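I opened a new structure today and kept short notes as I went. Here is what I looked up, in the order I looked.

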Amino acid sequence: MKAVKVANKNGNPVLLVGDEELSACAYITYFDDRNDYKEFSKNGFRLYSVSVSLASQPINTQSGFMPFEKGVFDVKGKPDFSCVDASIKRVVDSVPNAYIFPRIYVCMPSWWIKENLNETIDVPHDKKREMLFCEKFRVDAQNMLKQLIEYLENGEYADYIIGYQISGGNTQEWFHLDLNGSYCENALPYFNKYLKNKYPDIKMLDKLPDIDKIKSAEFIDDSMLTEYLLFVNEEVAKTVDCLCKATKEACNYKKITGAFYGYSLEVCNPLWGTHALEKILDSKNIDFLSSPNSYTNGRALGIDWADMIPVDSVKLHGKMCFMECDIRTFLTMSPEESRPNSDPMHYYSHKVWEGPKTEELSAYAIRKSLARQLTHKHGLWWFDMFGHWYKSPKLMKEMETSLKLYDDVLKNNGLEFETEVAVFIDEKCFSKMGNKHPAHDSAYHLKVSLGQSGVPYKVYLISDFGKIDLEKYKVVIFNIPLESEFIDEKIKFLNKKGIATLKVGYEKPTYSSKELYEFFEKSGVHLYCNSLDVCYIGNGFASLHASKEGLKKIRFPMTVKCTDIDTGKSVVTNVLEFDCKKFETKLFIIKNI
């Protein structure tokens, strides 16, 4: 059995399967009866995922959507691995040289729910599900995971398995299943235990703090409510880590393991549980962290679908960002159309689930996502969620291009320019801000404006402030809307060194792209684009996604060779000019001359 690990080559993520290098560019579908494995294999893809579940439970408690035919542990004491074997066999039959990392949905079977009602919460449709910080859930889920992984590691398909993505909670993204911090009477003993560990002399509470205060407040002035909000995030991170540890142990630390987590740039509600990334960044049990492309403004064209997680902190701690690119297309159908009765509430039929109307616009959307991942040195998987989303000549050509470019960057050391803007966020801020705070959604809005400001930027957790060489930046933005002596001291420190600072706060909660552009210009930052289009620069690539049609210009700090990946035509210049249709995405390879 080959050992697998995440490594870097030319600064890019690579999977080492024994001595073999594998680009982190993959394919997955929920509905594997509607898979396009053969089509992706023809275009060179070898990395795939399959979606399996410990139990027959919906992944979305709000909608009841359940993509799984059955779960491994549906019947107590009689695990049935046939559904897992069938999913893997579908890949292997189509792609004999495939490598697979199963996406395992960690959830409790109905029999477990009935036996452990004190460890559950109420969710919509008169159902109950497990609390994510419940110790009984952690222990039993680890045992089930180990049984499944030991079966796979010793089974027929062991040599095909390179790792595991451990998913759970609502939408598999480790959100609390009630999207409300698992707030119920059953949570009180767990909260008291958390408080006792943190404050040994504290008096135990006889009731939970009132979370409804969040809805009407600007600032949270109830210290116990703040503690509860920290608790419901930190304990989810602890659960993610302990389940990844169980996975690592089951495969003798020879396979990669990762999870969705840390959406502090997208999810503003602390009751979802995703704001404790700092707690797992140094874990040896987690090799990669993931999020989808941003859902900003309903995935509209013409704007940046920025990262949901502080990706540069993830990479600073030696982990790979492995991003889910679930790009809707003109072929996207609802789950009900794709598999009747899979979405009984028709939750996945509203606008965000609609793709662009044409094949051409769909190709632009795919290219935009690809350009972001390439320039930021992320891995990706194309998530053909309900099947056949990319099954057209033009879109499959985009898939072929994506893998080719990923393979090329492993062979070539791409030209890099200095990134001159750094952004810091504080994931703990959400435990102190009510929904009425003017800057409550500031992180969500700032990344939209940054995407069209004409400069690349890096984004970190504030907890990593002291680990970064800040003198290479010309601007540092603090997207930390609460008053803090710590931040004020850092601003003074940076200003003394001639580094301009910008603070997103109560008085100024949002900045437009134009305002940012003007501030960057005044601060001496190199501006690559002044047309307020989406511009990505990095890793030997430059890309522009047009918010409107017309003549576009990308200005480089030096004269370079620019090659259009579509035409193969090259030009040597420091100002690249080209025409764009509205929403078109152009991508160029950039090299020294």
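Entry 1: I'm working with a predicted model. I began with helix α12 (residues 442–451) and helix α14 (residues 513–522), whose axes come within 8 Å and cross at roughly 65°. The crossing of α12 past α14 is right-handed. I listed who touches whom: α12 brings Leu446, Val448, Ser449 and Leu450, while α14 brings Ser513, Leu516 and Phe520. Sorted by type, the residues of this contact are five nonpolar, two polar and no charged.

Entry 2: Next I traced an open sheet of four strands, ordered β17-β16-β18-β19, with parallel pairing. Its edge strands are β17 (458–461) and β19, each pairing on one side only. On average, neighbouring strands here are turned by 20° against each other, direction ignored. I zoomed in on strand β18 (residues 475–479), which runs parallel to β19 and is joined to β19 by four bridges. Val476 stands opposite Thr501 of β19. Then I went back to the helices: α12 packs on the sheet, touching β16 (421–425) and β18, and its direction makes about 150° with that of β18. As for α14, this helix lies across β16, β18 and β19 and runs at about 160° to β19.

**Entry 3: Tyr511.** I found Tyr511 in the loop between β19 (500–503) and α14. Is Tyr511 buried or exposed? Its relative accessible area is 14%, and the cut-off for buried is under 20%, so Tyr511 counts as buried. Leaving aside neighbours within four places in sequence, I see Tyr511 in contact with Ser449, Leu502, Lys503, Val504 and Leu516. Two of these names were on my list for the helix contact: Ser449 of α12 and Leu516 of α14. I also checked Ser442, which is 69 residues from Tyr511 in sequence and 9.0 Å away in space, C-alpha to C-alpha.

**Entry 4: helix α2.** I noted its buried residues, among them Val84, Ile88, Val91 and Val92. What covers the buried residues of α2? I found that the cover includes α1 (37–42), β5 (47–48), β6 (51–53), β7 (99–100) and α4 (135–153).

**Entry 5: a hairpin.** Last, I looked at strand β9 (residues 120–123) and strand β10 (residues 127–130), which pair in the antiparallel sense over four bridges. Thr120 has Glu130 of β10 as its bridge partner. Three residues sit between the strands of this hairpin, where His125 takes a positive phi near 70°.

How values were computed. Residues numbered from 1 in each chain as written. Predicted model: local features only at pLDDT ≥ 70, side-chain atom pairs only at ≥ 80, totals over all residues. Heavy atoms only, no water. Buried < 20%, exposed > 50% of the residue type's maximum accessible area, 1.4 Å probe, protein only. Helix = DSSP H or I, 4+ residues; strand = E, 2+ residues; numbered from the N terminus. Contact = heavy atoms within 4.5 Å. Pairing = 2+ DSSP bridges. Axes fitted to C-alpha atoms, helices over the stretch in contact; angles between N-to-C directions. Left-handed = near helix turned anticlockwise from the far one by under 90°. Nonpolar A, V, L, I, M, F, W, Y, C, P; charged D, E, K, R; others polar.
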